Amino acid sequence: MDPVMMASEVFVEIISMPAIHLLLEGLLIIWIIKLTYEKTCQASKTELTEKVEHPRHIIPKLGRAFYGFGWMLGTGGAISIRYGNEIYVSPSGIPKEEIQADDLFVMDMNERHISGPDPARNLHMSQCFPVFMNFYTERDAKAVIHLHSRNAILATILFPGKEIRLTHLQMIKCIRRGSSGKNYNFNDVLVIPVVDNTPEEIGLKEPIMDILTKYPEASAVLARCHGIYVWGDSVLQTKAMAEALEHLLDLAVQMKLAGLDPSVPHASFAHL
């Protein structure tokens with residue numbers, strides 16, 4: 001008999017045995033369970049990631065953080081995130097540390113209302129929204145943060161001009177250039193434009209639109225005696241720049257009070 005045929009017959013007899021059948025069925029069941037588990041885990045991971053990165057999760061989290069820093073006290077300040085074609089906006093008249101996921105207003109790029117919080121909550125959308133639209137339409141921003149910090153206000157009082165200039169400060173490197181998308185270098189001059197405040201937020205829309213035309217490199221603008229608006233290509237970038245700018249404005253205030261000019265390099269850096 002042909003050895004190959006003989007081996008085939010032996011193999012058929014072996015796999016026909018009940019014990020082997022049970023073994024193969026067991027292995028098949030284990031494989032199916034493993035495959036199902038991996039798909040379930042992947043789906044759960046994706047769902048969790050989307051939940052964590054969604055504006056309804058991020059905005060309340062940032063509100064609590066900025067309140068803790070003292071930059072959004074009372075009900076001041078606002079946060080907005082562009083998520084696809086939807087724009088999520090924090091509510092007005094509510095302490096930022098108390099914002100919940102369902103408290104947000106959702107608009108489209110044409111400023112049309114998509115959804116909002118339960119009417120029983122009696123919440124109103126932030127009055128900053130018309131100003132935020134400047135950054136979404138003219139700078140294609142993905143997030144905007146508006147802070148009412150003491151340093152932002154003090155800086156606009158101590159520096160009465162239309163600009164605040166800073167150079168040779170390490171945290172300047174965290175700020176993005178608006179036109180090129182590249183960050184400033186240590187020895188560059190960072191220019192933060194300043195507009196005069198208006199009684200109502202809507203009054204800032206046109207002056208800030210002019211700023212975007214005159215200062216293509218800007219990623220932030222100060223409203224005198226009011227606060228600062230910061231925008232960026234992502235939530236993370238905008239948050240980082242807001243923190244860096246708060247640090248830089250604190251330094252600017254302290255340097256001014258000490259008789260130093262933050263727009264001029266310190267003597268030890270003059271060669272850089």
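Predicted model: local features only at pLDDT ≥ 70, side-chain atom pairs only at ≥ 80, totals over all residues.

Now take helix H4, residues 129-138, and helix H6, residues 205-214. They pack at an angle of about 25 degrees. Their axes lie 9 Å apart. H4 and H6 are therefore roughly parallel to each other. The crossing of H4 past H6 is right-handed.

Which residues of H4 and H6 meet? From H4 come Pro 130, Val 131, Met 133, Asn 134, Phe 135 and Glu 138. From H6 come Lys 205, Ile 208, Met 209 and Leu 212. By class, this contact of H4 with H6 has seven nonpolar residues, one polar and two charged.

H6 gives the most to the lining, with four residues. Two elements give two or more residues each: H6 and strand E9, which spans 189-195. Sort the lining of the second largest pocket by class, and you get five nonpolar residues, four charged and no polar ones.

How many cavities of 30 Å³ or more does a search of the whole structure find? The search finds one. The largest cavity has a volume of about 50 Å³. E9 supplies the largest share of the lining of this cavity, three residues. Leu 190, Val 191 and Ile 192 are among the lining residues. Ile 175, Arg 176 and Tyr 184 line the largest cavity as well. So do Glu 217, Ala 218, Ser 219, Ala 220 and Leu 245. The classes in this cavity lining are eight nonpolar, one polar and two charged.

Next comes helix H7, residues 235-257. One partner of H7 is helix H3, residues 55-69. The axes of H3 and H7 come within 13 Å. They cross at roughly 10 degrees. H3 and H7 are therefore roughly parallel to each other. On the H3 side, the contact uses Ile 58, Leu 62, Phe 66 and Phe 69. On the H7 side, it uses Val 235, Lys 239 and Glu 243. This contact of H3 with H7 has five nonpolar and two charged residues, and no polar ones.

Another partner of H7 is helix H5, residues 150-158. H5 and H7 pack at an angle of about 40 degrees, with axes 9 Å apart. That makes H5 oblique to H7. Is the crossing of H5 and H7 left-handed or right-handed? The crossing of H5 and H7 is left-handed. H5 brings Asn 151, Ala 152, Leu 154, Ala 155 and Leu 158 to the contact. H7 brings Glu 246, Leu 249, Asp 250, Val 253, Lys 256 and Leu 257. The contact of H5 with H7 holds seven nonpolar residues, one polar and three charged.

To recap: H6 packs with H4 and contributes to the lining of the second largest pocket. E9 contributes to that pocket lining and to the lining of the largest cavity. H7 meets residues of H3 and residues of H5.

How values were computed. Residues numbered from 1 in each chain as written. Heavy atoms only, no water. Axes fitted to C-alpha atoms, helices over the stretch in contact; angles between N-to-C directions. Parallel < 35°, antiparallel > 145°, perpendicular 65-115°, else oblique. Left-handed = near helix turned anticlockwise from the far one by under 90°. Contact = heavy atoms within 4.5 Å. Nonpolar A, V, L, I, M, F, W, Y, C, P; charged D, E, K, R; others polar. 1 Å grid on protein atoms, 1.4 Å probe; cavity = no way out; pocket = protein on both sides within 12 Å on 5 of 7 lines; lining within 4 Å. Points joined across faces, edges and corners; volume = space filled by probe spheres on them.
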